[in-house]
Amino acid sequence: MTKLRFYSGLREIGGTVVAVETENTVCFFDFGFSYADRIDDKVCLREKKEAFDYVNLGVLNAIDGIYEPDTAKKLGLKAYGETDKEIFFIISHMHIDHMGGLGCLDRKVPVYMSTDSAKLYHEMGIMGELEVREHENVIPVDYDSSFTVGDIKVTCIQVDHDVIGACGFLIETNEGKICYTGDYRYHGFHPEISAAFADKCKGADIMISEGVTISFADVDMLSLEGPVRERTELTLLEDMKSVSASEEGLIVINNYNRNVERIHRLIGVIKDSGRVMALEPEQADYIASFYPEDEFCVYIPEATENICGEDAAKKLSDERLLAPGLNGRRIVNRSDLKASPAKYILQQDYRHIYELFDLKDVLSLYVHMDGAPLGDYDPSYAKYCSLLDNLGIHYEHWGLGGHAEPYYLRHTVDIIEPKILVPLHSFRPEQLVSEHAGKIILPRPLDEIEL
């Protein structure tokens, strides 16, 4: 018998955790943070008690068989290895609401993800951008490849999303097939990849689908026609190419740094304008890992050396520059940008926005493109807008998001034609309907479905 148990991420955007359980095996997906707004950055997690603290916050789930012995004992749970079934995880992509909890798992738990996701995950660990620690037992899987654990077979199928490495999964047991979309879109660089995912999952017995874009307004899904998107990743490139040539001063972009392909393509389109991309170390490392041939500079505000390398890193007291992909890259500093502002586009994380105090006099345009703060629901958003207004900086918002429009959510269901549709990862999952789906189920936490 195969059953699905739904833990979290059902009527929220984030924290999707679902288990597929057979006689011998349990497959979990994903393992990110639920209700992440409960995490207060002003309060420190206790060292070596991070998993315990997160579970008590309700950010992670209390589940048998996944945590280390000390944590499990304190939570009144069975530790990894103490259950009678083989347990493993599959992770769809590198967004915190899908993978943020990985560092809290027992170190021996097998965690499968796409090869690209595994590469990005490791670089995130090098750059200090992981919560808690890097999980030790990560197993890369190529797109369209399958693996079997116990009596569960999983196929990793690529989707297009605003983070490199994103995939969905087709999960097969003796009783049938389960399709999980992960997060996907059609307005990115590769809509054909998301379309191919639907074709490959056609006829699944159960389809578990994200529904982010139907969260905020009434949608009549059955009447939608498409395509319905004017702004895409490709139009964003054209816009940046245009302002790169027309603006007379420095351009600063606030990009979500795991959207690696966007920066890679931006590096290419700004060449004709005579500009070069200056990337902060984290973004620079991600680009160097996936696109080592790209030409860019590394921005260190007060750098005294002009070449990245071990000696430069020691003098700068910045261990991030020891990342192998950054050795030999040219460093630019604040003085370089102020001396030749029209020569550069600076990629800057919101955490470093105070750097604009020294650059505002040469800054021509600030472009927010899906970096933090993500929107006006974030308390930092009003502060961000106020700061730029007070500095007299011209700024524009070019955010695209990473989720399929409502039409494409329904379109994907129409193609797959599942016997059972389970919408989740949405504030209003009940809005995802299709005439080509059989039964639609809206589970509550800990509900089970038998396949």
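In the predicted model, the buried residues of helix H7 (residues 260–269) are Val260, Glu261, Arg262, Ile263, Leu266 and Ile267. The crossing of H6 past H7 is right-handed. On the H6 side, the contact is formed by Glu233, Leu234, Leu236, Leu237, Met240 and Lys241, and on the H7 side by Arg262, Arg265, Leu266 and Val269.

An open sheet of 7 strands is present, with the order S7-S8-S9-S10-S11-S19-S20 and mixed pairing. Its edges are formed by strand S7 (146–149) and strand S20 (439–440), each of which pairs on one side only. Strand S19 (residues 420–424) is joined to S20 by 2 bridges, and the two strands run parallel. Within this pairing, isoleucine 420 is placed opposite lysine 439 of S20.

Helix H5 (residues 191–200) lies across strand S8 (152–158), strand S9 (167–173) and strand S10 (176–180), and runs at about 155° to S8. Helix H13 (residues 406–416) lies across S10, strand S11 (206–210) and S19, with an angle of about 170° to S11.

Tyrosine 186 is located in the loop between S10 and H5. With a relative accessible area of 12%, tyrosine 186 is buried, since the cut-off for burial is under 20%. Beyond its neighbours within four places in sequence, tyrosine 186 is in contact with Pro191, Ser194, Ala195, Tyr408, His411 and Thr412. The C-alpha atom of tyrosine 186 is separated by 22 Å from that of leucine 120, a residue 66 positions away along the chain.

A separate parallel pairing links strand S5 (residues 111–114) and strand S6 (residues 138–141) over 4 bridges. Tyrosine 112 has isoleucine 139 of S6 as its bridge partner. Between S5 and S6 the chain passes through helix H4 (residues 115–126), giving a right-handed β-α-β crossover. Valine 132 lies in the loop between H4 and S6. Its phi is near 70°, a positive value in a residue other than glycine. Valine 132 is partly exposed, at 37% relative accessibility.

A positive phi is also found at aspartate 370, about 80°, although this residue is not a glycine. Aspartate 370 belongs to the loop between S17 and H12, and is buried, with a relative accessible area of 13%. Proline 373 is placed in the loop between S17 and helix H12 (379–391). The peptide bond joining alanine 372 and proline 373 is cis, with omega at about -5°.

Threonine 22 occupies the loop between strand S2 (17–21) and strand S3 (25–29). Its relative accessibility is 4%, and threonine 22 therefore counts as buried. With residues up to four places away in sequence set aside, threonine 22 touches Met1, Thr2, Lys85, Asp151, Ile152 and Thr173.

The structure holds 0 disulfides. Cysteine 27 is in no disulfide, and the nearest cysteine sulfur, that of cysteine 167, is 11 Å away. Cysteine 27 is buried, with a relative accessible area of 0%. For cysteine 179, the closest cysteine sulfur is that of cysteine 201, at 3.7 Å, which is too far for a bond because a disulfide requires sulfur atoms within 2.5 Å. Cysteine 179 is likewise buried, and its relative accessible area is 0%.

Definitions and conventions:
Residues are numbered from 1 along each chain as its sequence is written. This is a predicted model: local features need pLDDT of at least 70, side-chain atom pairs count only at pLDDT 80 or more; totals for chains, interfaces and linings use all residues. Side-chain values use heavy atoms; hydrogens and water are left out. Two strands pair if DSSP finds at least two bridges between them. Contact means heavy atoms within 4.5 Å. Axes are lines fitted to C-alpha atoms, for helices over the stretch in contact, and angles run from 0 to 180 degrees between N-to-C directions. Buried means under 20% relative accessible area, exposed over 50%, partly exposed in between (1.4 Å probe, protein chains only). A crossover is right-handed if, with the strands pointing away from the viewer, the path from the first strand over the helix to the second runs clockwise. A crossing is left-handed if the near helix is turned anticlockwise from the far one by less than a right angle, and right-handed if clockwise.
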